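Q: I have a model on my screen and I want to learn to read it. Can we go through some features one by one?
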Amino acid sequence: MIVRNKKHILQMLFIWKGSVLKKIAPTLFAIFLFSWLVYFCHYLFPDVIIPLNVGAFALVGISLAIFLGFCNNAAYDRFWEGRKQWGSLVIHTRSLAFQIQNYIQENEQFTKKDKEEGIKLIFAFCYALNLQLREKQDYEILKKYLSKEIYDTLLTKKFKPTFLLNELTAWIAKQHREGRMDSITLTRIDENLDQMSIVLGACERIVHTKIPFVYFVILHRTVYIYCFILPFGLIDLIIWVMPFFVTFVAYTFIALDAVVAEIAEPFGEEENDLALDQMCANIEYSICEISDMPTPILLSHDHNYIVR
């Protein structure tokens, strides 16, 4: 995900990183060339290229804008929910780590070092959720957080975050059975475990219940048909300026179409998707600081964007 400081208005006009322009540039170029073709054909063969009534384009444009707005709201709702759920995960993983550090009693057989097993299960859960949401199969990063036995078992599971949350719950239950916390403390800890389970389920819902594909088909077809027939409606009104104006109109519609498709899948790895890697690293870093564990290397930043 792109993270920018506030830019000067002129800088915003020429920013390339994070813009959908590089995705749609070939299409815009094709529309620009097509518009010039219509212009020259109308100039050379005025009886063949018949101008269309521009009023019809105004009506279609209004309808298209309303439909684009609807699809954008539906897509952003998915993005916002994903952002909210991961924000909740940051809160509850930290709270759980605080409870493990301060509420589980230590003795000669169970020291502060032994608490790291539970802390590392929290890290493993976050990274496993990240990898599952992005449909990745390389879970090598989890080796440093898990014992060999748990890691080998993990690889045999389909829903790996669910397995790790169960292991974390079992570890907490073990501490209660062995008398390191009372039932009231266990109940408070269990609240955070429940919230982590809710985040897991909500993120899976976002991934598996997508915006109906028919919306994208209708939107995509309508936008492209509108942009390619628009030159016929403007050819007599603005003459040689028409290709430039049509390209600008096409940019507004096609760019929004591309944005809708991008933010509708908030857990992807495109520039405007959620920065899950950064969130996982921040969770690990902040918890390691309060747990006196070695802190990881955070993802680096430059003045414009996150470098992965």
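Q: Is Tyr 215 buried, partly exposed or exposed?

A: This is a predicted model. Relative accessible area decides the label: under 20% is buried, over 50% is exposed, and partly exposed lies in between. Tyr 215 has 29%, so Tyr 215 is partly exposed. Tyr 215 lies in helix α8.

Q: Which residues does Tyr 215 touch, not counting residues up to four places away in sequence?

A: Contact is about heavy atoms within 4.5 Å. Tyr 215 touches Phe 67, Phe 70 and Cys 71. Now take Asn 53. Tyr 215 and Asn 53 are 162 residues apart in sequence, and their C-alpha atoms are 28 Å apart in space.

Q: Where is Pro 231 found, and is Pro 231 buried or exposed?

A: Pro 231 is found in helix α8, which covers residues 213-238. The relative accessible area of Pro 231 is 0%, so Pro 231 is buried.

Q: What is Pro 231 in contact with, leaving aside its neighbours within four places in sequence?

A: The contacts are Phe 34, Ser 35, Val 38, Met 242 and Val 246. Thr 247 gives a distance to check on your screen. Pro 231 and Thr 247 are 16 residues apart in sequence and 9.5 Å apart from C-alpha to C-alpha.

Q: Arg 78 is next. Is Arg 78 buried or exposed?

A: Apply the cut-off again: buried means under 20%. Arg 78 has 8% relative accessibility, so Arg 78 counts as buried. Arg 78 lies in helix α3. Leaving out residues up to four places away in sequence, Arg 78 touches Ile 206, Thr 209, Lys 210, Ile 211, Ala 264, Glu 265 and Pro 266.

Q: And what about Glu 262: buried or exposed?

A: Glu 262 has 4% relative accessibility, so Glu 262 counts as buried. Glu 262 is found in helix α9, residues 242-263. Not counting residues up to four places away in sequence, Glu 262 touches Val 20, Lys 23, Glu 270, Glu 271, Asn 272 and Asp 273.

Q: How do I read two packed helices? At what angle do α4 and α10 pack?

A: Two packed helices are described by the angle between their axes and the distance between the axes. Helix α4 (residues 116-133) and helix α10 (residues 276-291) pack at about 175°, with axes 10 Å apart. An angle over 145 degrees counts as roughly antiparallel. Therefore α4 and α10 are roughly antiparallel to each other.

Q: Which residues of α4 and α10 meet?

A: From α4, they include Ile 119, Ile 122, Phe 123 and Tyr 127. From α10, they include Leu 276, Cys 280, Ile 283 and Ile 287. The residues of this contact divide into 12 nonpolar, two polar and two charged.

Q: How far does α10 reach, and which of its residues are buried?

A: From its first C-alpha to its last, α10 reaches 22 Å, close to the 22 Å expected for its 16 residues. Its buried residues include Gln 278, Met 279, Ser 286 and Cys 288. What covers the buried residues of α10 includes α3 and α4. Asp 292 follows α10, and its phi is positive, near 55°.

Q: Where does UniProt place the feature "transmembrane region"?

A: The unreviewed UniProt entry places it at residues 20-45, 57-76, 213-232 and 238-260. Compare that record with the model. Residues 57-76 are 100% helix, with end C-alpha atoms 27 Å apart. Residues 238-260 are 87% helix and 0% strand, with end C-alpha atoms 31 Å apart.

Technical notes
Residues are numbered from 1 along each chain as its sequence is written. This is a predicted model: local features need pLDDT of at least 70, side-chain atom pairs count only at pLDDT 80 or more; totals for chains, interfaces and linings use all residues. Side-chain values use heavy atoms; hydrogens and water are left out. Axes are lines fitted to C-alpha atoms, for helices over the stretch in contact, and angles run from 0 to 180 degrees between N-to-C directions. Helices (H or I, at least four residues) and strands (E, at least two) are DSSP runs, numbered from the N terminus. Angles under 35 degrees count as roughly parallel, over 145 as roughly antiparallel, 65 to 115 as roughly perpendicular and the rest as oblique. Ala, Val, Leu, Ile, Met, Phe, Trp, Tyr, Cys and Pro count as nonpolar, Asp, Glu, Lys and Arg as charged, and the others, Gly among them, as polar. The expected span of a helix is 1.5 Å times one less than its number of residues. Buried means under 20% relative accessible area, exposed over 50%, partly exposed in between (1.4 Å probe, protein chains only). UniProt positions are given in the numbering used here, feature names are shortened, and annotations may be inferred rather than shown by experiment.
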